[in-house]
Amino acid sequence: MTKVRIVGGGLAGVLAALEAHRLGARRIEIHERLGEVGGALAPKVSHGVELRDRWTVFGGREDPARRLLEWHGVRFDDVALTCGSLNPCPRGGASAAKGFAGPVMTARDPSFGRLTGDTMADRLRVYPDDVRTQLARYCRWRLGVWLDEAHASAALPLNIDQVRFAGTRAEEAPPLAALPKDGFTGLFAQAARALEQLGVEVRLQSLVTPKEAIDSTDGITVWAAAPAPLFSALGKSPPRLISDLTASYVFETRGGPPAPLLVQNYTARGAIYRLSLYPSRGETMLLAECVEEVSDTDLRREIHELLGEFGGDTLKLGDTRAVFVQTRWDTPSMDSVRKLANLRSALAEARGPTFVAGAWEAVDPAERFRRLSRGLAGALAPELPLAQAAA
C-alpha cells in the first residue's frame with residue numbers, strides 16, 4: 001500500500017489524487033495551505049455568481065483532465081466558443097477578425113520560415129519584418145521585457161502560438177470547448193466529494209515544507225504547488241521570473257454577443273488585452289483583463305470599442321462586481337526553463353521516481369496533466385504500458 005502525499009490542492013493536486021487512485025494507490029493525502037481546494041481557479045462568489053479573474057476553459061472530449069473529472073462526476077457543457085481578435089493595420093487603425101482568437105496580420109509577403117529558436121525573439125524572427133514588428137510591440141506591451149528574456153513557449157500564454165495572414169483563410173466555425181456545468185465552484189465541490197468517496201485525506205491549512213517533502217522516505221511525494229520554494233531547499237538560486245501585473249475587472253451585462261465569447265486585442269493600444277463573456281447561474285458576466293489599472297470611464301469606453309465588431313453595440317454594462325489586481329507568473333523565462341530542468345534533475349537524483357515534480361515547464365494544461373500522469377505511472381505502476389498509464 002504505497003502512500004502518496006500531494007503538496008498543493010489546486011486543480012493539479014486534485015487531478016494528481018484522482019490519477020494516483022486510478023493507478024492503484026489507496027493511501028493518498030492532499031496538503032493544501034489554504035482553507036479550500038481549488039487554488040487559482042477557485043473563483044470568488046457573490047450571491048451565487050462566480051467572479052472569475054482569468055479566462056479559463058477546458059478542451060473538447062479528448063481533453064484528458066476533463067475525461068478524468070467527468071469519470072468522477074464533474075459535469076461539463078460542450079460550447080461553441082465565439083471568438084475573435086482585434087489586429088493592427090499597417091497604416092494605423094485596427095481590423096477585426098472573427099472565428100479565430102489568434103493574431104491575423106497583414107503582410108506584403110506572407111511567406112515565412114520554420115519556427116525555431118529558444119527565445120521569443122527567435123520565434124518572431126521568422127516572420128516578415130512588418131509582422132514581426134507588430135508582434136514584438138504587442139509582446140512588449142503585455143510583458144514589459146526584452147523578448148530574448150522570454151522563452152519561445154511563451155507564445156502560448158501570450159496567445160500568439162498561431163499566427164494567420166489576412167486573406168489566407170476564411171472565417172471558420174466556432175471552436176469547441178467545455179465549461180463546468182456548475183461552474184468552477186461546482187467542479188471543486190464535486191471533486192471534493194469524489195476524493196472523500198475514494199478515501200483521499202484532504203488536509204486543509206496544512207503546510208509541508210520543501211525539506212520535509214524532499215527528505216521524506218514514506219512513499220511517493222507529488223509536488224503540485226509552485227516550484228519556487230524547492231530551489232532554496234536544494235541550495236540552488238531561484239530563476240529570474242517574468243512578472244505580468246494584471247488588473248481584471250468583472251461586470252454584469254445585458255445583451256451583446258452570446259457567451260462564452262473570447263476577444264483578444266493585439267493592437268498594443270489601450271489597457272485591455274483580453275475580453276471574455278461567461279455564463280454563471282443564469283447571468284452573463286464580462287471579464288476585462290488589462291495590462292494596467294484603468295479608470296471606470298475609460299474602461300467602459302474601451303470595452304464598447306473592442307466589442308463593436310462582435311455585436312457589442314447592444315451590450316449594456318451593469319455594475320462592476322469585482323476588481324482583481326495581481327501579479328501572474330504565467331510567462332516562462334529563458335532562465336526559468338533552464339533552472340527548472342536543473343531542479344528536476346536534482347530532485348530525481350535525490351529521490352528518484354518517488355518524487356513526482358509538477359510539469360512546471362509545460363504551458364499547455366493538457367500537456368501538464370499528461371506529464372503528471374506519466375510521472376505518477378513511473379512511480380506507481382512502472383510495469384504498465386505508457387499508453388495505458390496515460391489513458
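User: What span should the 16 residues of H10 have, and how far apart are its end C-alpha atoms?
Analyst: This is a predicted model, and in it the 16 residues of H10 should span 22 Å at 1.5 Å a residue, which agrees with the 22 Å between its end C-alpha atoms.

User: Which residues of H10 are buried?
Analyst: The buried residues in H10 are Ala366, Phe369, Leu372, Ser373, Leu376, Ala377 and Leu380. They cover an arc of only 135° around the axis, which puts them on the same side of H10.

User: Why would residues three or four places apart point the same way?
Analyst: An α-helix has 3.6 residues a turn, so residues with that spacing point the same way.

User: OK, and H2 and H10, at what angle do they cross?
Analyst: The axes of H2, residues 64–71, and H10, residues 365–380, cross at roughly 70° and come within 8 Å. An angle from 65 to 115 degrees counts as roughly perpendicular, and therefore H2 and H10 are roughly perpendicular to each other.

User: Which residues meet there?
Analyst: From H2 there are Pro64, Ala65 and Leu68, and these meet Ala366, Phe369 and Arg370 in H10. By class, this contact of H2 with H10 has 5 nonpolar residues, no polar ones and 1 charged residue.

User: Let's look at proline 64 then, is it buried or exposed?
Analyst: Proline 64, which lies in helix H2, has a relative accessible area of 8% and is buried. Leaving aside neighbours within four places in sequence, proline 64 is in contact with Ala366, Phe369 and Arg370. The C-alpha atoms of proline 64 and proline 365 are separated by 9.7 Å, although these two prolines are 301 residues apart along the chain.

User: Switching to H9, how many residues does it have?
Analyst: Helix H9 runs over residues 334–351 and has 18 residues, reaching 26 Å from its first C-alpha to its last, close to the 26 Å expected at 1.5 Å a residue. In H9 the buried residues are Asp335, Ser336, Lys339, Leu340, Leu343, Ala346, Leu347 and Arg351. They cover an arc of only 125° around the axis, which puts them on the same side of H9.

User: What do the buried residues of H9 pack against?
Analyst: They pack against helix H6 (210–215), strand E12 (220–223), helix H7 (228–233) and strand E18 (355–357).

User: And what follows H9?
Analyst: Glycine 352 follows H9, and the phi of this glycine is positive, near 65°.

User: What about H8, which of its residues are buried?
Analyst: In H8, which covers residues 296–307, the buried residues are Leu299, Glu302, Ile303, Leu306 and Leu307. Seen down the axis of H8, these buried residues fall within an arc of 120°, so they line one face of the helix. The face turned away from that buried side carries the exposed residues Thr297 and Glu305.

User: Which strands do the buried residues of H8 pack against?
Analyst: Among them are strand E6 (82–88), strand E13 (242–254) and strand E17 (316–331).

User: Last one, alanine 178: where is it found?
Analyst: Alanine 178 is found in strand E10, residues 176–180, and it is buried, with a relative accessible area of 0%. Not counting residues up to four places away in sequence, alanine 178 touches several residues, including Val57, Phe58, Arg66 and Phe76. Alanine 178 and arginine 108, in turn, are 70 residues apart in sequence and 38 Å apart in space, C-alpha to C-alpha.

Key. Residues are numbered from 1 along each chain as its sequence is written. This is a predicted model: local features need pLDDT of at least 70, side-chain atom pairs count only at pLDDT 80 or more; totals for chains, interfaces and linings use all residues. Side-chain values use heavy atoms; hydrogens and water are left out. Helices (H or I, at least four residues) and strands (E, at least two) are DSSP runs, numbered from the N terminus. The expected span of a helix is 1.5 Å times one less than its number of residues. Buried means under 20% relative accessible area, exposed over 50%, partly exposed in between (1.4 Å probe, protein chains only). The arc is that of the directions from the helix axis to the C-beta atoms. Contact means heavy atoms within 4.5 Å. Axes are lines fitted to C-alpha atoms, for helices over the stretch in contact, and angles run from 0 to 180 degrees between N-to-C directions. Angles under 35 degrees count as roughly parallel, over 145 as roughly antiparallel, 65 to 115 as roughly perpendicular and the rest as oblique. Ala, Val, Leu, Ile, Met, Phe, Trp, Tyr, Cys and Pro count as nonpolar, Asp, Glu, Lys and Arg as charged, and the others, Gly among them, as polar.
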